Amino acid sequence: MNTPIPLSQENLPQISDAIARPEYDRSQIKTGIVHIGVGGFHRSHEAYYTDALMNSGDFSQWGICGVGLREPDRKIATILEQQDYLYTLIVRHPGGKIENRVIGSLVDFMMGIDDPQAVIDRMANPDTKIVSLTITEGGYNVDPDSGEFDMSNPEAQHDLQNPQQPKLAFGYLTAALRQRRDNGIPAFTVQSCDNIQHNGNLTRKMVLGFARQQDPELAQWIEREVCFPNAMVDRITPVTTAADMSYLEQEMGLQDQWPVTCEPFCQWVIEDDFCDGRPAWENVGAQFVPDVTPYEKMKIRLLNAGHSVLGILGSIYGHQTIDECVSDELFATYLRQFMDIEATPVLDAVEGIDLDAYKDTLIERFGNPNIKDKLSRICLESSSKLPVFLIPTISENLERGGSIQYAALVIATWCWYSDQEVNQYNKELEIIDGKRAELHQAAAATRDDPLSFLRLTSVFGDLAKNERFAKVYTEMINKIYENPDVSLQMRKIVKSH
């Protein structure tokens with residue numbers, strides 16, 4: 001076998017014709033977007049849309065500069081620099097077809113911890129029209145009790161006292177916006193691309209919450225001048241594996257140190273609310289709407305909640321990936337019944353969407369055997385995800401007298417998962433959660449107090465005080481602790497409907 005060609009701008013003409021590549025002159029691109037949090041999802045989604053737009057001819061002003069704010073970001077920063085900020089997107093279809101494309105929309109990467117002022121200057125540059133974010137649910141620094149910006153965070157206190165040496169994304173945004181205001185430059189748009197309902201509203205609330213503490217006059221300017229569009233984002237993007245890199249080397253003759261694998265489905269619904277111009281992403285498949293609320297609610301309550309249902313139940317049962325769960329008839333049936341019986345009745349009407357067809361598509365996407373989306377990734381930071389994805393559905397069904405059994409079993413199983421930290425075969429689970437210790441402590445007290453896990457109000461709110469939910473949950477807890485084979489309870493619930 002020939003030696004694989006290292007991915008770089010210079011080597012692009014030599015790579016296989018089976019790999020699509022940028023059809024535009026990257027040397028002519030200005031940085032119009034600064035993006036904080038360059039992970040797999042950003043590279044399969046916003047950077048993908050932007051690359052597609054550039055290939056259509058609209059490329060000169062929308063290059064993306066990635067920003068890393070943490071030491072673990074150095075790995076991706078180093079690799080991207082070595083590859084001239086190019087990477088390969090591997091799109092795996094359910095039938096086995098694979099499309100490979102080198103993405104060229106990323107043109108730079110900066111490490112905030114090395115030179116905070118340089119990052120602030122890049123954001124404050126007049127060429128920068130948008131600062132976008134994928135910082136995960138936990139990155140928004142929300143006080144779980146008040147819902148406001150958490151000023152007790154030591155890094156928030158640091159940023160308050162050291163405006164030009166920030167650590168949090170909100171410190172950077174505030175410093176850059178101050179610089180633009182002082183220099184008479186229009187505000188940039190702050191665009192969240194995170195899987196959070198009303199992500200723009202939340203970002204606005206957190207930025208203003210911090211800015212009011214640091215500079216009340218600036219906060220008034222931000223409130224008046226800065227746009228924070230809400231958006232719904234969707235593309236299943238598993239963690240890159242050694243097998244992905246090996247595939248490119250052996251099958252395509254290309255050496256890429258950090259490619260991205262994703263499914264073919266891609267969706268981006270955005271409120272058209274930008275203060276200093278925007279890319280024409282609608283020309284390459286994005287959808288601009290006046291109000292994104294019904295779209296994001298549909299996606300969060302069906303796709304994201306569906307992921308968590310499979311992730312938690314499947315992890316305890318011993319499944320490893322989402323497609324493995326869906327290939328199990330019991331899990332596929334349970335998921336569809338959860339969607340039909342508990343999630344759909346509390347959704348709003350969504351213009352132009354056939355919900356049954358949407359749910360059919362979700363099951364097909366989840367079952368894609370070529371997207372090995374690990375349950376450990378799905379369950380990552382569940383304490384931030386479930387309060388957004390699943391618990392509101394429970395609360396609304398409690399209010400309307402709807403079914404709660406499917407979701408209650410998920411919460412009861414999560415308690416056992418958090419307590420034991422192994423699956424039903426006593427195999428250790430990979431658990432990554434900022435509240436892991438809290439969850440474990442609360443779950444471990446379950447034998448003495450069946451509702452102890454639910455009393456973690458930062459996650460569950462007042463669910464423990466709801467008599468109906470407490471009764472159903474307690475019955476399920478007793479059964480799970482008696483026999484952790486969740487399939488027994490799943491079958492009972494499926495048969496009861």
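Me: How many bridges join β5 to β6?
Reply: Six bridges. This is a predicted model, by the way. β5 covers residues 87-92, and β6 covers residues 98-103.

Me: Parallel or antiparallel, those two?
Reply: β5 and β6 run antiparallel. They form a hairpin with five residues between them.

Me: Which residue stands opposite Ile-98 in β6?
Reply: Arg-92 does.

Me: And what about Gly-96 in the turn?
Reply: Gly-96 has a positive phi of about 110°.

Me: OK, zooming out. What is the strand order in the open sheet?
Reply: Four strands, in the order β2-β6-β5-β12. The pairing is mixed.

Me: Which are the edge strands?
Reply: β2 and β12, and each pairs on one side only.

Me: What holds strands of a sheet together, in general?
Reply: Strands pair through backbone hydrogen bonds, either parallel or antiparallel.

Me: Back to β2, then. How does β2 run relative to β6?
Reply: Parallel, with two bridges joining them. Ala-20 has Arg-101 in β6 as its bridge partner.

Me: And the other edge? How many bridges join β5 to β12?
Reply: Three, and that pair runs parallel. Val-91 stands opposite Cys-262 in β12.

Me: New topic: helices. Which strands does α9 lie across?
Reply: β2, β5, β6 and β12. Helix α9 is residues 242-252 and runs at about 95° to β5.

Me: Where does α2 lie?
Reply: Helix α2, residues 46-55, lies across β5 and β6. Its angle to β6 is about 80°.

Methods. Residues numbered from 1 in each chain as written. Predicted model: local features only at pLDDT ≥ 70, side-chain atom pairs only at ≥ 80, totals over all residues. Heavy atoms only, no water. Pairing = 2+ DSSP bridges. Contact = heavy atoms within 4.5 Å. Axes fitted to C-alpha atoms, helices over the stretch in contact; angles between N-to-C directions.
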